[in-house]
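Let's take a walk through a protein model together. Have the sequence and the 3D view ready, and follow along one stop at a time.

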Amino acid sequence: AALDPTIARPVGSADEPVTYEVLRDGASVDVPVAFDAHDVSAILADYWSVLTFTIVFQVVAAFVLWRRPGSSAAVALVVASCGVAGSTLPWLLGLEVSDIVAGWPFLLHALTASGLYMLLWPAGAVHLPLALIAGPAGPGRRAIALTYGLPLGAYGGGLLVSRIATASPTAWLGTWPILQLIVIIPTILVGFILAARGYRVAARAEKDAIRWALIGGGTSMLLSLGLLMGPELLTGRPLVPWTTVGIIALPLPIGIAAGILRYRLFDIE
């Protein structure tokens, strides 16, 4: 219905609330809802760590691309940083009733905070570890296709199954975050296993460079699984607020930067 131009879409404001007819315990109740603008200052205050992580990640990715433009690792970092930047702002703003009523803001949220995020998520989780252990040639095309295709296909299949299983479109929306976690958690584990195996067989000089990136990525992975994603999937509630996800993810770009500065990771002087 978000694409249907014939549907009447009420435009509300604080002065002119929109009245919803709500069925509550079998009775019809008219509920006036006042629309208001997002409090950007409050959002920045809550999610400063996420914005900090996004900026640091982009700076590291841009530096690696500048110094090693032909490197597969640079491609993975840039793709991951674009995915983080493109999906972060809609995620911070959240999904409001007014977005669904207006139609196109809901589509924007769905295509970025859900679609773009799930499309580009494997860049940092799997593509980057593959690039770290594959050497200058980088991973093959088949490996790259599987890296992005399998998680996205699993998420798309999950969306289809959950739509059939749920009673309404709004109930279906509630399954999206859970489906993301079901796909993301195994993806993270696969990426870490690949990086750990690559580290074991790497030469001594390469181990010193990879170690910092592995420590940073491993720290972010353990904290994410233990404090956010795992508890959210098992109990429906994380152990710490999602506003802290930027701090939890920050060790990854810091570890990459440390590997570059101390041990010439990616052969960058």
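**The packing around H12**

The buried residues of helix H12 pack against helix H2 (48-67), helix H3 (72-93), helix H6 (122-134), H10 and helix H11 (245-249). Contact here means heavy atoms within 4.5 Å. Helices (H or I, at least four residues) and strands (E, at least two) are DSSP runs, numbered from the N terminus. What you are looking at is a predicted model, in which local features need pLDDT of at least 70 and side-chain atom pairs count only at pLDDT 80 or more, while totals for chains, interfaces and linings use all residues. Residues are numbered from 1 along each chain as its sequence is written, and side-chain values use heavy atoms, with hydrogens and water left out.

Which residues of H12 are buried? They are Pro-251, Leu-252, Pro-253, Gly-255, Ile-256, Ala-258, Gly-259 and Ile-260. Buried means under 20% relative accessible area, exposed over 50%, and partly exposed in between, using a 1.4 Å probe and protein chains only. H12 covers residues 251-263, and its 13 residues should span 18 Å at 1.5 Å a residue. The expected span is 1.5 Å times one less than the number of residues. The end C-alpha atoms of H12 are 17 Å apart, which agrees.

Arg-264 has a positive phi of about 55° although it is not a glycine. Is Arg-264 buried or partly exposed? With a relative accessible area of 40%, Arg-264 counts as partly exposed.

In helix H10 (residues 204-235) you will find Ser-224, which is buried at a relative accessible area of 11%. The side chain of Ser-224 reaches the backbone oxygen of Ser-220 at 2.7 Å. Leaving aside neighbours within four places in sequence, Ser-224 is in contact with Met-229, Gly-230 and Ile-248. In helix H3 sits Ala-74, a buried residue with a relative accessible area of 0%. Ala-74 touches Val-64, Leu-65 and Arg-68, not counting residues up to four places away in sequence. Ala-74 and Val-60 are 14 residues apart in sequence, and their C-alpha atoms are 9.5 Å apart in space.

Next, find a pair of crossing helices. The axes of helix H5 (residues 104-120) and helix H7 (residues 141-165) come within 8 Å and cross at roughly 145°. Ser-114, Met-118 and Leu-119 of H5 make this contact with Tyr-148, Leu-152 and Tyr-155 of H7. By class, the contact has 5 nonpolar, 1 polar and no charged residues. Axes are lines fitted to C-alpha atoms, for helices over the stretch in contact, and angles run from 0 to 180 degrees between N-to-C directions. Ala, Val, Leu, Ile, Met, Phe, Trp, Tyr, Cys and Pro count as nonpolar, Asp, Glu, Lys and Arg as charged, and the others, Gly among them, as polar.

Our last stop is a pair of strands. Strand E1 (residues 18-24) and strand E2 (residues 27-33) run antiparallel and are joined by 7 bridges; two strands pair if DSSP finds at least two bridges between them. Val-18 stands opposite Val-33 in E2. E1 and E2 form a hairpin with 2 residues between them. In the turn, Asp-25 has a positive phi of about 55°, and Asp-25 is exposed, with a relative accessible area of 81%.

Conventions
Polar contact = N/O pair within 3.5 Å; in protein donor to acceptor, adjacent residues only side chain to side chain.
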